[in-house]
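Please consult the sequence and the structure shown below while reading.

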Amino acid sequence: MKFCTVALALVALLSSTNAHAEGWLKVDGTKIVDESGQPVILRGIGLGGWMLQEGYMLKLGEIGQQHRIRAKLVELVGEKRTAEFYRAWLDNHTTEADIDQMAKWGFNSVRLPIHFDQLTLPADKEPKRGQDTWLEEGFQRIDRLLEWSRKHGIYLILDLHAAPGGQGNDLAISDRDPTKPSLWESAENQRKTVALWKKLAARYKDEPWIGAYDMINEPNWSFATPGKGNGCDETASKGVWELQQRITKAIREVDQKHIVIIEGNCWGNNYKGLPPAWDANMAISFHKYWNRNDEASIADITKLRTSYGRPIWLGESGENSNVWYRDAIALVEGEGIGWNFWPLKKIGFNQPLEIDPGPGWAKIVAWATGKGRKPDADTAYAAMMTLARNSRFDRNVPKPDVIDAMFRQPRDASYRPFSPRTLDKGVLTIRAVNYDLGPAGVAYQDSADANYHVATGGERTPWNNGTTYRNDGVDIARAADGSPYVGDFVTGEFMRYSADVTRPGRWTVTARVRSAKGGRIGIDERGVIIPAGAAWQTIKLAEIDLPAGPGSAMLRAIDCTDCEVESLSFTPR
């Protein structure tokens, strides 16, 4: 489906749906509606990394599971200091300021990935087998999150992301220890999972700002070959359905009002063998990563919505470029499907908030992954506590381009200045990396702008090769002092820069550039030559006449294989 068609469908749909619902959410046929019966499009994001750390979010993907990361930290600084780090992490990572800002951006829901060990002990650590020790501190954290969500008008969706024993062979997402019985191999782990959901439902049964219970995140288990597959070839997944039926039954013993969300095998996407609907207030989740954003990519799940008679919800998606975000959100909202992206923040560039870990964390990462020397305990502890403090909202780096791609661009394909800027009597210098916000082909053009490796069957494709500053296709690098600049600016690519022109006039446009091989760039078709060299140099691009009002200039790579751009300057004549 072409974007313009999706956009028109989306405008029509939004006129009949409610993004700012109030009161209880419930299932009505194939729709999620609010208390007044109005359809609701859930627009949300997950708090990945808060109660459950996945290694890649901390640049520790090679380590993987949280329990392995924790063991490495204990090896560095000891148990007491590691416990202090995790307490500081939990206290700082998610606060009311995060929820407040989410509401201001336009989110109306938040998905909380829960690690079971925040709420109860592992089965093998219980003082008495078959009994459950409840950890009130963890429940109180959820209480506070619910309070903030209620205050700012955001539905809180509880998601059991790490079930007792772990629910699959993708180990990191559920902090699974493969030397111990998984969720599917242990009757006691399953009993504890059911008991945990009943405890949660009893606590929150009267809370309308709890949007739903997402019962088991991304089951990924091959029952025919335990420990070896992710359930994508399973034709029955009987154990997945039976456990979710047991959980639903336990929830309904204490809570008859909240939506329950089911997830299929194969990371929430294999619905083969799904029994007839066992609850009237039930929705179906699917997850979407790294595939095409076309009707074919969601054809199976929309067909299931119709045949099964229940709503579908994009319960997790993201970890891609702004182009992919815009297209995915336009696609699903055009079909009346709500969404929840992943995650709100991490060490990385392609989500709404970036955690700057501080300089010391890289040394811990290097040691933990076998690429550097072991830091001393005091140095490591200081780096750990800096990371914990820097996870707090007021120390995060906001990513306005990501938010623009999620909320404006699915409905508005125009370009806008990256930040307000005015052309007046003085010189205006714009960093090259601050090209306009907007879709590819409008605000910029790049040879690669998203990762589609699931669809292509190839390798993961980077879009911004420097993986820093912005989440578009434009390749951005960092100088020795940390300042960003555009690199790998090659033939056929462009960047647009717009400003409010306060008075008509003529401006001289110059650029600070370099190219080892030499090249040609310009804001007109002829362009100017960049002499070959390793040093930055300032070149005159053109003189342009601009009328008063909104104005823009487009910088093109006319003949480049290695051009780099640091800034553009507009000097009034």
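Which residue in β24 is the bridge partner of Asp500? The bridge partner of Asp500 is Pro550. The model is predicted, with local features requiring pLDDT of at least 70 and side-chain atom pairs counted only at pLDDT 80 or more, while totals for chains, interfaces and linings use all residues. Residues are numbered from 1 along each chain as its sequence is written, and side-chain values use heavy atoms, leaving out hydrogens and water.

**Strand pairing**

Helices (H or I, at least four residues) and strands (E, at least two) are DSSP runs numbered from the N terminus; two strands pair if DSSP finds at least two bridges between them.

| Strands | Sense | Bridges | Example of partners |
|---|---|---|---|
| β19 (494–501) and β24 (549–559) | antiparallel | 8 bridges | Asp500 and Pro550 |
| β21 (519–522) and β24 | antiparallel | 3 bridges | Ile521 and Ala557 |

A barrel is closed by 8 strands in the order β3-β4-β5-β6-β7-β8-β9-β10, with parallel pairing. On average, neighbouring strands of this sheet are turned by 30° against each other, direction ignored. Axes are lines fitted to C-alpha atoms, for helices over the stretch in contact, and angles run from 0 to 180 degrees between N-to-C directions. Helix α9 (residues 299–308) packs on the sheet and touches β8 (282–288) and β9 (312–318); contact means heavy atoms within 4.5 Å. The direction of α9 makes about 170° with that of β8.

**Nonpolar cores**

A nonpolar core is a set of buried Ala, Val, Leu, Ile, Met, Phe, Trp, Tyr and Cys residues joined through side-chain atoms within 4.5 Å, where buried means under 20% relative accessible area (1.4 Å probe, protein chains only). The largest core has 125 residues, and Leu112, Ile142, Leu158 and Ile521 are among those with the most contacts inside it. Its largest share, 7 residues, comes from helix α10 (residues 322–334). Beyond its neighbours within four places in sequence, Leu112 contacts residues including Leu47, Trp50, Ile142 and Leu158. A second, separate core of 25 residues includes Leu60, Ile69, Trp89 and Ala368.

**Helix α2**

In α2, the buried residues are Gln66, Ile69, Leu73, Leu76 and Val77. They cover an arc of only 80° around the axis, which puts them on the same side of α2; the arc is that of the directions from the helix axis to the C-beta atoms. Their cover includes α3 (79–93), β4, α11 (361–368) and α12 (377–390). Gly78, which follows α2, has a positive phi, near 90°.

Key. Buried means under 20% relative accessible area, exposed over 50%, partly exposed in between (1.4 Å probe, protein chains only).
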